[in-house]
Amino acid sequence: MRIDVFTLVPHAFAWLTEQRPLAAVLGTELELRLLNYRNTTPLKSGQVDDDPYGGGAGMVLRVDVVAAALDAAYGGAPDHRVVALTPQGRSLDQQLVEELVGEQELTLLSARFEGFDERVVEHLATDAVSIGPYVLSGGELPAMVLLDAIGRRLPGALGSDESGIEESFSAELEGGLEYPHYTRPAEFRGWEVPDVLLSGDHARIAEWRREQSRARTVS
């Protein structure tokens, strides 16, 4: 799978791609390209933003700048999904992650300042995705969240067949893999690991985890 991320700060992604254990988690099945809007901007002096019409605080990433970046990378509108990362988008959940994992190519658009010219979302992107109802200083952190969530679902990303099987339950669980985790020792200060997890019965364990996940979602 290839994911292209358009950003103004490509170096912000270095920790995700170079530092362990995250680099190991992403595995070898993900081809990541980082493209800087400033390298293809049609404006002088590397300008990419402008004051919004009607006034208001902050600067907005211009629509012609984003269009130029896409044209330079793809020779026009790409024929795959283009995701604009914005607080107004569809909420990111495991169901959406599983949906995007099925794509062969994916483009992520991140913004800085006060976000995108709305025409980017309306006409240049096919999807708008949000990691939460709050405002960040840019789209790099949301892009990294989405990259990590997608990357760990690709073949070979986790380095453990058992972990991959375990995570495959995520599409069935309400709220994803939000069940309790326990490690050794099995008893510590009188606090014991649930017997079902020590049973070795994978079907029972899977059902217990589903129940725990549903209970946490409801609460």
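Start by selecting V101, which you'll find in helix 4. Before you zoom in, bear in mind that this is a predicted model. Is V101 buried or exposed? It counts as buried, because its relative accessible area is 18% and the cut-off for buried is under 20%.

Keep V101 on screen and show what surrounds it. Leaving out residues up to four places away in sequence, V101 touches M1, I150, R153 and L154.

**Into the core**

Next, select I3, L106, L108, L147 and I150. These are the residues with the most contacts inside the largest nonpolar core, which has 22 residues. Which elements give two or more residues to this core? Colour strand 1 (2–7), strand 5 (81–91), helix 4 (94–101), strand 6 (105–109) and helix 6 (140–151), and you have them. Helix 6 gives the most, with 6 residues. As a bit of background, nonpolar side chains in soluble globular proteins tend to be buried together.

Stay here and pick L106. Skipping its neighbours within four places in sequence, L106 is in contact with M1, R2, I3, D4, H80, R81, V83, L100 and I150.

**Out to some loops**

Most residues other than glycine have a negative phi, and most peptide bonds are trans.

Select S45, in the loop between strand 2 (31–36) and strand 3 (49–50). Its phi is near 60°, a positive value in a residue that isn't glycine. S45 is exposed, with a relative accessible area of 80%.

Then jump to R189, in the loop between strand 8 and strand 9 (191–192). R189 isn't a glycine either, yet it has a positive phi of about 55°. At 66% relative accessibility, R189 counts as exposed.

Last stop: P185, in the loop between helix 7 (161–167) and strand 8 (187–188). What is the peptide bond from R184 to P185 like? Show the backbone and you'll see that the bond is cis, with omega near 0°.

Terms used. Residues are numbered from 1 along each chain as its sequence is written. This is a predicted model: local features need pLDDT of at least 70, side-chain atom pairs count only at pLDDT 80 or more; totals for chains, interfaces and linings use all residues. Side-chain values use heavy atoms; hydrogens and water are left out. A nonpolar core is a set of buried Ala, Val, Leu, Ile, Met, Phe, Trp, Tyr and Cys residues joined through side-chain atoms within 4.5 Å. Buried means under 20% relative accessible area, exposed over 50%, partly exposed in between (1.4 Å probe, protein chains only). Helices (H or I, at least four residues) and strands (E, at least two) are DSSP runs, numbered from the N terminus. Contact means heavy atoms within 4.5 Å.
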